Amino acid sequence: MAIRTRGRAAARPAPTGRTATRSARPRAHSLAPAHLGEAGAAAVLALVVLGLATFIVALAMIVSGITIAGRFGGSPPPNVGSLGLGQIIGGAGLLLLGLGLSGSALAVLAEVKHSRLVAAGLSGLAAVLSIAGALVTLLQPGREVVLPLALGIAALVFAASAILLARPRP
């Protein structure tokens, strides 16, 4: 039986077993890798998802550029071969960007050397391109607000991911 004196408690025994090791570890989410932290893991997840979305959009652009002659029916214009060239080139660029975003995010998860800086750079590039795309679509006559809004949100996510991945390791 512990004897209490006035003003102070009796000495408690030192914790043993599981409770001692549990309190010594820093708290982190069970799914977030320790080398990234929670914010870094969210940034990597966003890059993987947006990279795959960019890849899918790029494939759609390339297919649209290749099949542009079919939209004219029986009498395509004489320069139909060059009409889809811009879509094909832009789609190829987006294809490389989408693969780079997803690949660099997976490299960050695998702790490849300098992969955080590459992922941050590609994310920053994607943010700038998203802002440029949003501005171009805003300047079009008869525009819809959905595409510039979506590009603006993507730009914010890309910029936040670039900032989170460019900072030093936690």
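Predicted model: local features only at pLDDT ≥ 70, side-chain atom pairs only at ≥ 80, totals over all residues.
L138 lies in helix 5, which covers residues 115–138. Together with I131 and L135, L138 makes up a nonpolar surface patch.

G103 was examined next. This glycine belongs to helix 4, which spans residues 85–109. The relative accessible area of G103 is 37%. Buried residues fall under 20% and exposed residues over 50%, so a value in between is classed as partly exposed. G103 is accordingly partly exposed. G103 was also compared in position with L52. In sequence, 51 residues separate G103 from L52. In space, their C-alpha atoms are 9.8 Å apart.

Read from the N terminus, the order of elements is α-α-α-α-α-α. Contacts were then considered by sequence separation. Among those between residues at least 6 apart in sequence, 67% link residues at least 24 apart.

The protein has 170 residues, and 26% of them count as buried. Its accessible surface amounts to about 11600 Å². Carbon and sulfur atoms account for 70% of that surface.

Methods. Residues numbered from 1 in each chain as written. Heavy atoms only, no water. Patch = residues over 30% accessible without salt bridge, like charges linked within 9 Å, V, L, I, M, F, W, Y side chains within 5 Å. Areas by Shrake-Rupley, 256 points an atom, 1.4 Å probe, with all protein chains shown as cover. Salt bridge = Lys/Arg side-chain N within 4 Å of Asp/Glu carboxyl O. Helix = DSSP H or I, 4+ residues; strand = E, 2+ residues; numbered from the N terminus. Buried < 20%, exposed > 50% of the residue type's maximum accessible area, 1.4 Å probe, protein only. Contact = heavy atoms within 4.5 Å.
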